[in-house]
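Here is a friendly briefing to read with the model open beside you. Please take a look at the fold, and then we will go through it topic by topic.

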Amino acid sequence: MVDLAQKFEHYRRRFRQAMDARNLTNEGMAERMKAHPVTISKLRSGKIKLDDEWRAAAASALSLAEDLLFGDATLPPPKTSDMFISPKKAAKLRRANNDNIPLYGLAAGSLQGAHSMTSDPITEVPCPPVLRDVIGAYALQTQGESMEPRYFPGDVLYLHPHQKVRSGDHVVVQVMLHDNSGTETWVKRFDSEDAESYHLWQYNPPAKITFKKKYVQHVHRILPTNELFGVK
């Protein structure tokens, strides 16, 4: 039988390792987990145990599958968009870079409606006002016809990686392949979720799509045009 103290110490080390790899401060992690920085400090030190609820919250905040974050496999290196930069530094960098954000591309995936996302930006695009101080904000150029007539091939979507997703929102979902050989990216409408799964909708052809949460790395909200420019 695995000693409980050893198990929680393992969780604590993995949590610290993932935070450190992203340059995440207690304040930065607290913002992502909707917690207090003191709580994050206690989770890092072991004064608060990473129980089921805290592990789920940490995995969601770090955009990692829970069994990957707290398992034994080597943690994948974080993407540039996952790295923590203080809001003040982010704003300064944006001004220095003419207020641009990275634009990623999509290539056809193994299934209809699935794509692989480029690991590096293909270019930069102007940053809308609402995303100027958002850490990790990025844009994505669509491909394929699965979301017509909402989105057409070549459309540029702007994403907020930390915003809460609600029913009816359009999202970009990154899902781990079952053999851990990579990820596939889906642009879909978010319908609902339960304890085990996310439920999405595809427009063309109409189809309900369900992903097990344990395989989902990211669910990022696509901002509609009115929100991008502060129009209500």
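**The largest pocket and its surroundings**

The lining of the largest pocket is made up of 15 nonpolar, nine polar and nine charged residues. Here Ala, Val, Leu, Ile, Met, Phe, Trp, Tyr, Cys and Pro count as nonpolar, Asp, Glu, Lys and Arg as charged, and the others, Gly among them, as polar. This is a predicted model, in which local features need pLDDT of at least 70 and side-chain atom pairs count only at pLDDT 80 or more, while totals for chains, interfaces and linings use all residues. Residues are numbered from 1 along each chain as its sequence is written, and side-chain values use heavy atoms, with hydrogens and water left out.

**Overall fold**

- The protein has seven helices and 11 strands; helices (H or I, at least four residues) and strands (E, at least two) are DSSP runs, numbered from the N terminus.
- Of its 232 residues, 42% count as buried, where buried means under 20% relative accessible area, exposed over 50%, and partly exposed in between (1.4 Å probe, protein chains only).
- Among contacts (heavy atoms within 4.5 Å) with a separation of 6 or more, 56% link residues 24 or more positions apart.

**More on the pocket**

- The largest pocket has a volume of about 1000 Å³. On a 1 Å grid over the protein atoms alone, a pocket is an open set of points where a 1.4 Å probe fits, with protein on both sides within 12 Å along at least five of seven lines. Grid points are joined across faces, edges and corners, and the volume is the space filled by probe spheres set on the points.
- It is lined by 33 residues, and Ala 56, Ala 57, Ser 60, Ala 61 and Tyr 198 are the closest to its centre; a lining residue has an atom within 4 Å of a point.
- Two or more lining residues come from each of helix H2 (26-33), helix H4 (52-61), strand E8 (183-193) and strand E11 (216-222).
- The biggest share of the lining, seven residues, is given by H4.

**How H2 meets H4**

- The two helices pack at an angle of about 100°, with their axes 9 Å apart. Axes are lines fitted to C-alpha atoms, for helices over the stretch in contact, and angles run from 0 to 180 degrees between N-to-C directions.
- H2 and H4 are therefore roughly perpendicular to each other, a term for angles of 65 to 115 degrees.
- From H2, Met 29, Arg 32 and Met 33 meet Trp 54, Ala 57, Ala 58 and Ala 61 of H4. The residues of this contact are six nonpolar, no polar and one charged.

**Loops and backbone details**

- Ser 63 sits in the loop between H4 and helix H5 (66-69) and has a positive phi of about 55° although it is not a glycine.
- Ser 63 counts as buried because its relative accessibility is 13%. Leaving aside neighbours within four places in sequence, Ser 63 is in contact with Gln 217, His 218 and His 220.
- Asn 23, in the loop between helix H1 (4-21) and H2, has a positive phi near 60°. With 47% relative accessibility, Asn 23 counts as partly exposed.
- Glu 148 and Pro 149 are joined by a cis peptide bond, with omega near 10°.
- Another cis peptide bond joins Asn 204 and Pro 205, with omega about -5°.
- Asp 120, in the loop between strand E3 (114-117) and strand E4 (123-126), counts as exposed at 54% relative accessibility.

Technical notes. Angles under 35 degrees count as roughly parallel, over 145 as roughly antiparallel, 65 to 115 as roughly perpendicular and the rest as oblique.
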